[in-house]
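Dear colleague,

Please find below the structure that I am handing over to you, together with its sequence.

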Amino acid sequence: MSAVVIDGKAMALSLRAELARKAAAFTARAGRPPSLAAVLVGDDPASAIYVRNKGVAARAAGFDSVEHHLPASTGQKNLMALVARLNADPRVDGILVQLPLPDGLDSGAVLIAVDPAKDVDGFHPLNVGRLALGEPACVPCTPQGCLIMLRHQLGDLTGREAVVIGRSGIVGRPMAALLVRENCTVTIAHSRTRGLAEVCRRGDILIAAAGRPELVRGDWIKPGATVIDVGINRLPAGIGKSRLVGDVCFAEAVQVAGAITPVPGGVGPMTIACLLANTLACACRRTGIDEERLLAGRPRP
């Protein structure tokens with residue numbers, strides 16, 4: 001029996017439509033749209049595509065989106081100065097510094113310099129600490145999107161055993177913290193975990209965020225488990241061609257899992273939608289507007 005394939009595109013479209021309605025209501029209340037500033041340093045093609053796609057999605061939802069594209073030769077001092085200007089600009093609600101930065105730039109120092117109240121990526125140590133303590137915080141977009149998909153598929157996550165493969169500060173660790181908040185029993189596994197396949201088989205929920213193409217095989221998965229594949233890996237597929245695969249061998253896993261996200265079309269679209277959600281949340285907190293009441297009394301289309 002094949003697994004349910006979780007449609008991240010459809011879920012992201014629904015979330016973005018809801019955010020567009022909220023953005024319109026925010027604009028009517030605040031006299032301006034919620035605003036996102038993205039900083040891109042250098043000419044990495046993948047980073048340029050990501051920033052462009054984020055800008056297109058933001059503007060389509062009624063957000064103001066401005067991209068600051070700096071040359072790869074930009075020094076640390078000039079980059080920090082730009083971040084400081086964006087921090088001080090009352091028209092900017094969210095700041096995104098696209099990673100990775102070119103060699104020679106201290107990304108840690110740049111991320112710490114971002115105002116935590118505008119940290120839509122959720123990478124500032126203050127937001128990381130708040131998440132770990134279970135306090136309100138900006139949550140990294142990819143784990144947030146994964147959690148929304150899990151809730152949609154499974155409902156209440158209480159008591160489920162979750163295995164997270166990967167311990168990065170961008171996905172693995174915040175994902176584990178979110179699952180703990182949902183009352184899951186959580187194991188963080190990684191490349192040095194002994195008996196990794198056996199550990200994975202324990203998971204009612206399996207999050208694959210190792211950055212290794214098709215690492216997780218079908219026989220690593222507990223029958224009926226929900227599998228969220230965060231990996232995006234490009235493999236050669238003939239002369240001048242390539243194909244995208246995740247960290248899970250989809251063809252094998254879909255025969256064992258109860259539900260699974262595809263690559264592409266799974267987690268990726270939800271990441272961008274959650275970036276907009278974080279931007280709106282920051283805008284509401286900064287202006288004292290109650291996000292929960294933005295659509296109160298407004299008929300849904």
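**The sheet and its strands**

Strand β5 (residues 161-165) and strand β7 run parallel and are joined by four bridges. Strands here are DSSP runs of E with at least two residues, helices are runs of H or I with at least four residues, and both are numbered from the N terminus. Two strands count as paired if DSSP finds at least two bridges between them.

Before going further, please note that this is a predicted model, in which local features need pLDDT of at least 70 and side-chain atom pairs count only at pLDDT 80 or more, while totals for chains, interfaces and linings use all residues. Residues are numbered from 1 along each chain as its sequence is written, and side-chain values use heavy atoms, with hydrogens and water left out.

Contact means heavy atoms within 4.5 Å.

In a regular strand, the side chains alternate between the two faces of the sheet. Strand β7 (residues 205-208) is covered on both faces, with Ile205 and Ile207 buried on one side and Leu206 and Ala208 buried on the other. Buried means under 20% relative accessible area, exposed means over 50%, and partly exposed lies in between (1.4 Å probe, protein chains only).

**Two packed helices**

Two packed helices are described by the angle between their axes and the distance between the axes. The axes of helix α1 (residues 8-30) and helix α6 (residues 141-154) come within 11 Å and cross at roughly 105 degrees. The axes are lines fitted to C-alpha atoms, for helices over the stretch in contact, and angles run from 0 to 180 degrees between N-to-C directions. Helices α1 and α6 are therefore roughly perpendicular (65 to 115 degrees) to each other. In this contact, Gly8, Met11 and Leu15 of α1 meet Ile148, Met149 and His152 of α6.

**Salt bridges**

How many salt bridges does a search of the whole structure find? The search finds ten, a salt bridge being a side-chain nitrogen of Lys or Arg within 4 Å of a carboxyl oxygen of Asp or Glu.

- Glu182 and Arg151 have their closest N and O atoms 2.5 Å apart. The pair links distant parts of the chain, 31 residues apart: Glu182 lies in the loop between α7 and β6, and Arg151 in helix α6. Glu182 is buried at 16% relative accessible area, whereas Arg151 is partly exposed at 42%.
- Glu252 and Arg217 have their closest N and O atoms 2.7 Å apart. Glu252 is in helix α9 (residues 250-253) and Arg217 in the loop between β7 and β8, 35 residues apart. Glu252 is partly exposed at 32%, and Arg217 is partly exposed at 30%.
- Glu67 and Arg59 have their closest N and O atoms 3.4 Å apart. Glu67 is partly exposed at 35%, and Arg59 is partly exposed at 41%.

With kind regards

Terms used. Angles under 35 degrees count as roughly parallel, over 145 as roughly antiparallel, 65 to 115 as roughly perpendicular and the rest as oblique.
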